[in-house]
Amino acid sequence: QRARALLLTCLDAPMWADRVVAGRPYETLGEVEAAMVAASATLSDEELEQALARHPRIGERADAERHDAAHSTREQAGVDPEDADLARRLADGNRAYEERFGRVFIIRAAGRDGHEILQHLEQRLGNTDELKRAATIDQLTQIAVLRMEQLMGEEP
């Protein structure tokens, strides 16, 4: 139960967490990560929506009631809240993405600055629905792996 609870803080998708837990025991962190990636390939649309609901929009402050605020705040540290032009462009991009695809734009923000994130957002606006879904799952998985590494005390 503890392993499942930890996994759900990495990616809020119960069936995904169950699949990762079912593969235990793991010898290395690399094996856990491989299991996380494999389980992500089977995310349903419902799980995807549930997982996305735990993430704030890029450039927005995390809501402790709905989001994993501590993770999100740390992960978005590269987005300068004092850069008003960047904040406006990210908000416009988030809105355009949600209008086009019907879901929040997600990216592994850790290690990226706001301008790099904006570049990815603008590029992904041109994706097909199929590419958008694949990119969303890939980014959620990268975030989940990063969070697991942090929970396990490993440097990413």
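**A buried alanine and an aromatic cluster**

At a relative accessibility of 17%, Ala135 counts as buried, because buried means under 20%. The model examined here is a predicted one. Ala135 is found in helix α8, which covers residues 129-151. Once its neighbours within four places in sequence are set aside, Ala135 is in contact with Arg124 and Asn127. Another residue to look for is Ile106: 29 residues separate Ala135 from Ile106 in sequence, while the C-alpha to C-alpha distance in space is 8.7 Å.

Attention now turns to the aromatic rings. A pair of such rings is described by the distance of the centres and the angle of the planes. The count of aromatic pairs in this model comes to two. In one of them, the ring centres of Tyr97 and Phe101 lie 4.7 Å apart and the planes meet at 55°, so this pair is tilted. Helix α6 (residues 84-101) holds both Tyr97 and Phe101, and because they are four residues apart there, about one helical turn separates them. Tyr97 and Phe101 are both buried.

Tyr97 also forms an aromatic pair with Phe105. Here the centres are 5.3 Å apart and the angle between the planes is 70°, an edge-to-face arrangement. Tyr97 and Phe105 are both buried as well. Taken together, Tyr97, Phe101 and Phe105 make up one aromatic cluster, and Tyr97 takes part in the tilted pair with Phe101 and in the edge-to-face pair with Phe105.

Technical notes:
Residues are numbered from 1 along each chain as its sequence is written. This is a predicted model: local features need pLDDT of at least 70, side-chain atom pairs count only at pLDDT 80 or more; totals for chains, interfaces and linings use all residues. Side-chain values use heavy atoms; hydrogens and water are left out. Rings of Phe, Tyr and Trp (its six-membered ring) pair if their centres lie within 6.5 Å; planes under 30 degrees apart count as stacked, over 60 as edge-to-face and the rest as tilted. Helices (H or I, at least four residues) and strands (E, at least two) are DSSP runs, numbered from the N terminus. Buried means under 20% relative accessible area, exposed over 50%, partly exposed in between (1.4 Å probe, protein chains only). Contact means heavy atoms within 4.5 Å.
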